[in-house]
Amino acid sequence: MKKARIAVVGYGTIGQRLADGAALQGDMELVGVVDVAPTLATRALAERGMPYRLFVAQEEQRKAFDEARIPVAGTMPDLLGDVDIVLDATSAGIGLKNKDIYAAHRLKAIFQGGEKNDVADVFFHGYANYEKGLGRDYLKLTSCNTTGLIRAVDCLDRVAGVERVMVTIVRRVADPGDVHRGLVDVAQVDKVPSHQAVDLMTIMPHVEATGLLVHVPTTHGHIINVIATLTDHMTRDDILAAFSAHPRIRVVRIADGFSSNTSLFKYARDLGRPRGDMYEIAVFEETLALSRREVMFAINIPQEAVVVPETIDGVRAALRTQEDRLEAVGATNRYLGLRAQAEARR
Ligand SMILES: NC(=O)c1ccc[n+]([C@@H]2O[C@H](COP(=O)([O-])OP(=O)(O)OC[C@H]3O[C@@H](n4cnc5c(N)ncnc54)[C@H](O)[C@@H]3O)[C@@H](O)[C@H]2O)c1
């Protein structure tokens, strides 16, 4: 079968990880990445010997890369003429502007959470609404928190039905290395409902949701406290078994030392994961409590890598490489090593 040819536009926090994720897929080929300036990520790419070909968005940007001695393979139109689909991971709002360029090349595109929903035909999640993405031209991924939240709620929904969820999100203020938000000592609250709750209802319209967002001055991961009202009765063990069986959900124990966002980041580094990335969300086992049909649990969202699997699912849906949701997510999981890792944990 012909490999799906992929371009990643915007080689920043998310773009670097999408490029790595796409390159790992046996049925896809990462043809190149695009950026506009010699950022640290593109400098690191050059120092690593250019494992991916780098293109500039516009010819006039080439000079700065030449000065930084970062090899440039061409301009974005050269790359777009040679691919089947674009993964746009540019800074929020740029994707909408780029959409016209993708359309002119008759290319499908997948946008990230920072874009407005109307950039795409479908607001997409690989597990929760794969079928809606089938054959569509423009998909938009949920944000990092929403991706992880929906993974957990969809997992419960498929085994027990979920009627309602209420969440509290403790949100990391910036990515590691970012200083543009300042060095602060504050927990700032937003008005309800948070966009993640509204987005969850867009993807899973049968679930009523609301949520509170608290910004905190950390950079490694968000924590979401979820209270979900189940349709069917489930025991605590049933719920833990459902989460444990999900290749993109890791059940961890506080008793084993997994007591924080940073313990998971450190563990990912100990596993030898590039950059300390974790594709899986983690459910803290000892936070899971059941009261009648209400279940409460806390999850860790590794914000930099969590959207990679569902974005790859988006490629499969848009290009119809798999018609079946579970075959599609299964292929992504297999190539990312998620299935093997889940089996090793059992
Ligand atoms: N950082 C996270 O934790 C996170 C998590 C999930 C989703 N997202 C979303 O992913 C998207 C990207 O966010 P990020 O954190 O990776 O941003 P980032 O700033 O780290 O990276 C964006 C990259 O795009 C490049 N760029 C800007 N304009 C461009 C253009 N016209 N053409 C090509 N490249 C261009 C920038 O130089 C930069 O390297 C946003 O929609 C964001 O909301 C971010």
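A polar contact here is a pair of N or O atoms within 3.5 Å. Keep that cut-off in mind for the close-ups below, which come from a predicted model.

View 1. Let's start with the backbone: a polar backbone atom of T13 sits 2.9 Å from an oxygen atom of the ligand. Side chains take part too, with a polar atom of the R172 side chain 3.0 Å from a ligand oxygen atom. In total, 20 residues surround the ligand, and the closest are I14, D35, G114, D175 and Q303.

**View 2. Helix α1 crossing helix α10.** Here you can follow α1 (residues 13-24) and α10 (residues 307-318), whose axes come within 9 Å and cross at roughly 60 degrees. That angle makes α1 oblique to α10. The crossing of α1 past α10 is right-handed. On the α1 side, the contact is made by I14, R17, L18, G21 and A22, and on the α10 side by V307, V308, T311 and I312. Sorted by class, this contact has six nonpolar, two polar and one charged residues.

**View 3. Helix α6 crossing helix α7.** The axes of α6 (residues 144-160) and α7 (residues 195-203) come within 10 Å, crossing at roughly 50 degrees. This makes α6 oblique to α7, and α6 passes α7 in a right-handed crossing. Look for N145, T146, L149, I150 and V153 of α6 meeting H195, Q196, D199, L200 and I203 of α7. Five nonpolar, four polar and one charged residues make up this contact.

Methods:
Residues are numbered from 1 along each chain as its sequence is written. This is a predicted model: local features need pLDDT of at least 70, side-chain atom pairs count only at pLDDT 80 or more; totals for chains, interfaces and linings use all residues. Side-chain values use heavy atoms; hydrogens and water are left out. Axes are lines fitted to C-alpha atoms, for helices over the stretch in contact, and angles run from 0 to 180 degrees between N-to-C directions. Helices (H or I, at least four residues) and strands (E, at least two) are DSSP runs, numbered from the N terminus. Angles under 35 degrees count as roughly parallel, over 145 as roughly antiparallel, 65 to 115 as roughly perpendicular and the rest as oblique. A crossing is left-handed if the near helix is turned anticlockwise from the far one by less than a right angle, and right-handed if clockwise. Contact means heavy atoms within 4.5 Å. Ala, Val, Leu, Ile, Met, Phe, Trp, Tyr, Cys and Pro count as nonpolar, Asp, Glu, Lys and Arg as charged, and the others, Gly among them, as polar. A residue is near a molecule or strand if one of its heavy atoms lies within 4 Å of it. A polar contact is a pair of N or O atoms within 3.5 Å; within protein, one must be able to donate a hydrogen and the other to accept it, and residues adjacent in sequence count only if both atoms are side-chain atoms.
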